[in-house]
Amino acid sequence: DERRKTHRTGESRSAGEESGVICQMATNEQLQIQLRLIESACRNYDAGLHEAALHIAVALRVLIHETSNSHSLFGQLALRNSVKLLSTIPKFESEIKTTDNPITETFMFGVGIGPFGFAPHLGNSPYKHYLLVEEWWNEIVHEFRQIFSRGDIILAAANQDGGAHIDPNPNQKTILLRDSIGTLTTTTSLGTQKRELTNPHFSLIRQFGFEILNSPDLSVSTI
């Protein structure tokens with residue numbers, strides 16, 4: 001009887017270990033799925049569908065956002081304190097503003113202004129360093145009347161701005177991210193055109209997608 005009991009216990013452990021391995025494999029597969037979703041959304045953004053940034057934000061939230069009720073994929077894979085993520089953002093230093101011009105009040109490294117509005121720098125940023133997941137999430141990347149971390153921007157897009165939910169009463173940060181920060185005027189042989197510079201967070205989120213996909217610890221792609 002003792003031998004049978006020992007044998008049964010051994011079988012139970014093996015089954016438990018096997019279940020753990022299967023769960024780990026499934027979670028790893030989910031990681032690859034989320035990274036592929038980010039890559040696909042980046043391609044859509046580059047093809048002109050800038051609202052695809054909202055899909056990038058949702059996938060980034062799944063990977064990183066951690067609360068008592070929300071368990072990130074990086075957390076489930078025990079990657080939060082081991083993986084390092086690419087940052088293309090310089091150290092933020094807030095300056096005293098001396099003008100009411102919103103353009104000069106805006107700090108938004110990782111993004112420039114091109115002929116069609118905001119444009120992410122992608123691989124052309126002169127800055128390149130690596131941060132742990134929590135540091136990357138909390139790094140300041142934007143200032144427009146308030147300061148914004150990557151986490152602020154990702155959660156605003158995913159939770160309030162239509163990524164996974166549309167909030168009828170968005171918070172102040174989400175409202176500021178949607179707001180126009182000025183007008184871009186371009187003149188060509190076809191005439192003069194004015195564009196409102198709205199939704200700067202879309203191009204920032206595209207830059208975040210570039211950073212994730214080009215983090216060597218994740219080894220995904222170079223899009």
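Two strands pair if DSSP finds at least two bridges between them; strands (E, at least two residues) and helices (H or I, at least four) are DSSP runs numbered from the N terminus. The model is predicted, so local features need pLDDT of at least 70 and side-chain atom pairs 80 or more, while totals for chains, interfaces and linings use all residues. Residues are numbered from 1 along each chain as its sequence is written, and side-chain values use heavy atoms, without hydrogens or water.

**Stop one: the hairpin.** Select residues 140-143, strand S5, and residues 147-149, strand S6; the two run antiparallel and are joined by three bridges. Ile140 stands opposite Ser149 in S6. Three residues lie between the strands of this hairpin, and Arg145 in the turn has a positive phi of about 70°.

**Stop two: the aromatic pair.** The structure holds one aromatic pair (ring centres of Phe, Tyr or the six-membered ring of Trp within 6.5 Å; planes under 30 degrees apart are stacked, over 60 edge-to-face, the rest tilted). Select Trp136 and Phe208: their centres are 6.1 Å apart and their planes 75° apart, which is edge-to-face. Trp136 is in helix H4 (residues 133-138) and Phe208 in helix H7 (residues 200-213), 72 residues apart.

Trp136 counts as buried because its relative accessibility is 0% (buried is under 20% relative accessible area, exposed over 50%, partly exposed in between, with a 1.4 Å probe and protein chains only). Phe208 is also buried, at 0%.

**Stop three: Leu86.** Select Leu86 in strand S1 (residues 84-87); Leu86 is buried, at 4%. Leaving aside neighbours within four places in sequence, its contacts include Trp136, Tyr130 and Phe210 (heavy atoms within 4.5 Å). Asp217 is 131 residues from Leu86 in sequence and 9.2 Å away, C-alpha to C-alpha.
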